[in-house]
Amino acid sequence: MGKEAEKAPAELSPGEAKTELKRLAKEIARHDQLYHQKDAPEISDAEYDSLTKRNKAIEALFPSLKRTDSPSARVGAEPAAGFAKVRHLHPMLSLDNAFTREDVADFIGKIRRFLGRKDEADIELNVEPKIDGLSANLRYEDGKFTIGATRGDGTVGEDITANLKHVAGIPHTLKDPKPPKLIEIRGEVYFPHDAFFALNKEREKAGEPVFANPRNAAAGSVRQLDPTITKSRPLKFFAYAMGEVQGWHNEPKLHSEAIDRLKKWGFAVNPKTRVAKRLDDALELYDELAKERADLNYDIDGVVYKVNDLALQNRLGFVGRAPRWATAHKFPAEQAVTTLNDIAIQVGRTGALTPVAKLEPITVGGVVVSNATLHNEDEIARKDVRIGDKVIVQRAGDVIPQIVSVVDADRKGRGKPYKFPEKCPVCGSHAVREEGEVVRRCTGGLICPAQAMERLRHFVSRGAFDIEGLGYKHIEAFYQDDLVKTPADIFRLHRRRLELLDREGWGESSVKNLLDAIEARRTIPLDRFIYALGIRQVGEATAKLLARHYHSLEEWQASMLAAVKDREGAAYQDLNNIDQIGESVAGDILDFFDEKHNLEALKALAKELTVEQAQAIAATSSPVSGKTVVFTGALTKMTRDEAKARAETLGAKVASSVSKKTDYVIVGEDAGSKAAKAAELGVTMLSEDAWLELIGG
């Protein structure tokens, strides 16, 4: 250690300060690596704090000497920028929402129909408060906490291990002499109300911006590059589920038993969690929690119902991005009254003209709302919404705020009824409303800058290519300056590095970060690639279905081009018969492939990218992974829906018609032409019992 390190910051000369800042940057970076990556710290938290405080003190005295790699430069920066990515071993998907008692009854009804059950009292539910915080996934290996991550997109999250080690309710080691070899624990990080109000009071005194609500405070506290910030805030954690598990002993049979196991291991679990034997009991618990909500020391925005039997959870599986065996019953929306100042028209990537209400800012449910959706022109007419009206605004959880109704709609002196534009406000092209549709669309296509920019914005969005640092403002500026006109242009930006450096606000570091982020996305999974294309009606769930069915970009593209040529042929039937893809979605997909400029865009992207083949969902040991199966006749051991879902979970491709490519035809009672076709082609036919034996029951 040099003499500079022995002097107080105020005693340092400029030259000594420069040398000391260089030393501190290197030293703190080394300790960060030991703490975050190797889990082998060499100094105490107090000693680490002393280094960072010294660094900040010298920078305060010599601001012109602050280094670009300064430890203090990372505090308060965009938190996601410095986090490594973590792939969850088991998908961490979202819940469907229920808003009424009828929605909950429908949820139970769908479960019964899927399982082929008619009785009403045999679906036992685990009922728990829905905590409004930050979801986290914790991985334990041989009982030791090794990796913690945010939910992210459900498949990949951000590594926040070091921060989660400072959150109350998360044990570093499981209290179990024989823990599972590997296990993922899911739960919610939250900010208690009393601590939240105290934190905001401190920030206000210090002249810092306050947090809008406890959820934002929890997310902002956990997603910090400096774990000492997380440590300074009294965050808590409730565990509520398990993900991937390997090497069980004494495996629980019920979700409620799993919750008890979590508690014994040292996790905090919500004391309000209960088991309901029937639907009416679950709804009573919902009513009780709604009444207690205001007195709790944490935010909840509803109640989660989960099928308590873990074997049934496994049978029910997932549909799209949500489990069939769970749903969130949200509390009623919160409302407020404000003034509608204007109606703006936004043009989306598919040309849809969407009206947005510009409101006098108002707080609804703890969040400041200045915009609300008006859906479409029919909705404006139905509610007779006019500029200048006093309106009731409603917000429910994460749902986009909406206008419920006009206050005193019969009063005199109101403005004129709103006339929806018949031309695109961006490019001036005609805005046409096709028969049977509620949406009016700009006919400008690629000549419409709004559509082109929205498509690019969608292409780099979180569920698609997820390119950090390429936000909407950058897309807009790059588009207007002819740097990026098509998706492929994004991956050619490295050739225009000098032009980027010449732009105002862009320096060597920011350009490098952007190009590195783009380079990191040159390899992408097939489902993300499909979603990124922005095809109408093809969301993330449908993109996953397509990727799972066709496996590779080449096979998908070849099949779609064949279906375009013959919209009644085998390729079209194969697309149309994919579970959850009907004629409407199939039509939009084929319309995409029927456009020459879309094919050119795909060809250009293929030169720049590597699109990974979709992996089978099941382990490679599954006897039907990669096989094509067809079900025919009436099944008695399970419903047709469950049989198809089970096959797909095991990595099989379920088809609706028999061909030479079919591997197995499962024949139920009263089988008809498909069984005859299988016999004619020599395809292996299995009884329902033989099928169950093949897949392990």
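Student: How many salt bridges does the count come to?
Tutor: The count comes to 45 salt bridges. Keep in mind that this is a predicted model.

Student: Why would side chains pair like that at all?
Tutor: Side chains of opposite charge can pair when their charged atoms come close.

Student: OK, give me one. What does Asp106 meet in a salt bridge?
Tutor: The partner of Asp106 is Lys110, at 3.6 Å from N to O.

Student: And where do Asp106 and Lys110 lie?
Tutor: Both belong to helix 4, residues 101–115. They are four residues apart, which is about one turn of the helix. Asp106 itself is partly exposed, with a relative accessible area of 36%.

Student: Which residue does Arg411 form a salt bridge with?
Tutor: With Asp389, where the closest N and O atoms are 3.3 Å apart. Arg411 sits in the loop between strand 18 (402–406) and strand 19 (431–432), while Asp389 is in the loop between helix 12 (377–383) and strand 17 (390–395), so the pair ties together parts that are 22 residues apart in sequence.

Student: Is Asp389 buried or exposed?
Tutor: Asp389 is buried, at 0% relative accessibility. Arg411 is partly exposed, with a relative accessible area of 28%.

Student: What about Glu454, what is it bridged to?
Tutor: Glu454 forms a salt bridge with Arg457, and their closest N and O atoms are 3.6 Å apart. The two are separated by about one helical turn because they are three residues apart in helix 13, residues 449–459. Glu454 counts as buried at 18% relative accessibility, and Arg457 counts as partly exposed at 39%.

Student: Which residues are linked in a network of salt bridges?
Tutor: Asp489, Arg492, Arg495, Glu519, Arg522 and Glu608 are linked that way.

Student: New topic. Where is His329 found?
Tutor: In strand 13, residues 326–330. His329 is buried, with a relative accessible area of 1%.

Student: What does the side chain of His329 make a polar contact with?
Tutor: With the side chain of Tyr305, at 2.8 Å. Leaving aside neighbours within four places in sequence, His329 is also in contact with other residues, including Phe99, Arg101, Leu283 and Tyr286.

Student: Now helix 14. Which residues are buried there?
Tutor: In helix 14, residues 472–480, Ile475, Phe478 and Tyr479 are buried. They lie on the same side of helix 14, because they cover an arc of only 100 degrees around the axis.

Student: What covers the buried residues of helix 14?
Tutor: The cover includes helix 13, helix 16 (497–501) and helix 17 (508–519).

Student: And which exposed residues are on the face turned away from the buried side?
Tutor: On that face helix 14 carries Lys473 and Gln480. Just after helix 14 comes Asp482, with a positive phi of about 65 degrees.

Student: Last one. How much space lies in the second largest pocket?
Tutor: About 1,100 Å³. The second largest pocket is lined by 37 residues, and the closest to its centre are Arg349, Gln451, Arg455, His597 and Asn598.

Student: Which elements give two or more residues to that lining?
Tutor: They are strand 20 (441–442), helix 13, helix 15 (487–490), helix 22 (583–593) and helix 23 (596–608).

Student: And which gives the most?
Tutor: Helix 23 does, with seven residues in the lining of the second largest pocket.

Note on methods:
Residues are numbered from 1 along each chain as its sequence is written. This is a predicted model: local features need pLDDT of at least 70, side-chain atom pairs count only at pLDDT 80 or more; totals for chains, interfaces and linings use all residues. Side-chain values use heavy atoms; hydrogens and water are left out. A salt bridge is a side-chain nitrogen of Lys or Arg within 4 Å of a carboxyl oxygen of Asp or Glu. Buried means under 20% relative accessible area, exposed over 50%, partly exposed in between (1.4 Å probe, protein chains only). A polar contact is a pair of N or O atoms within 3.5 Å; within protein, one must be able to donate a hydrogen and the other to accept it, and residues adjacent in sequence count only if both atoms are side-chain atoms. Contact means heavy atoms within 4.5 Å. The arc is that of the directions from the helix axis to the C-beta atoms. On a 1 Å grid over the protein atoms alone, a cavity is a set of points where a 1.4 Å probe fits but cannot get out, and a pocket is an open set with protein on both sides within 12 Å along at least five of seven lines; lining residues have an atom within 4 Å of a point. Grid points are joined across faces, edges and corners, and a volume is the space filled by probe spheres set on the points.
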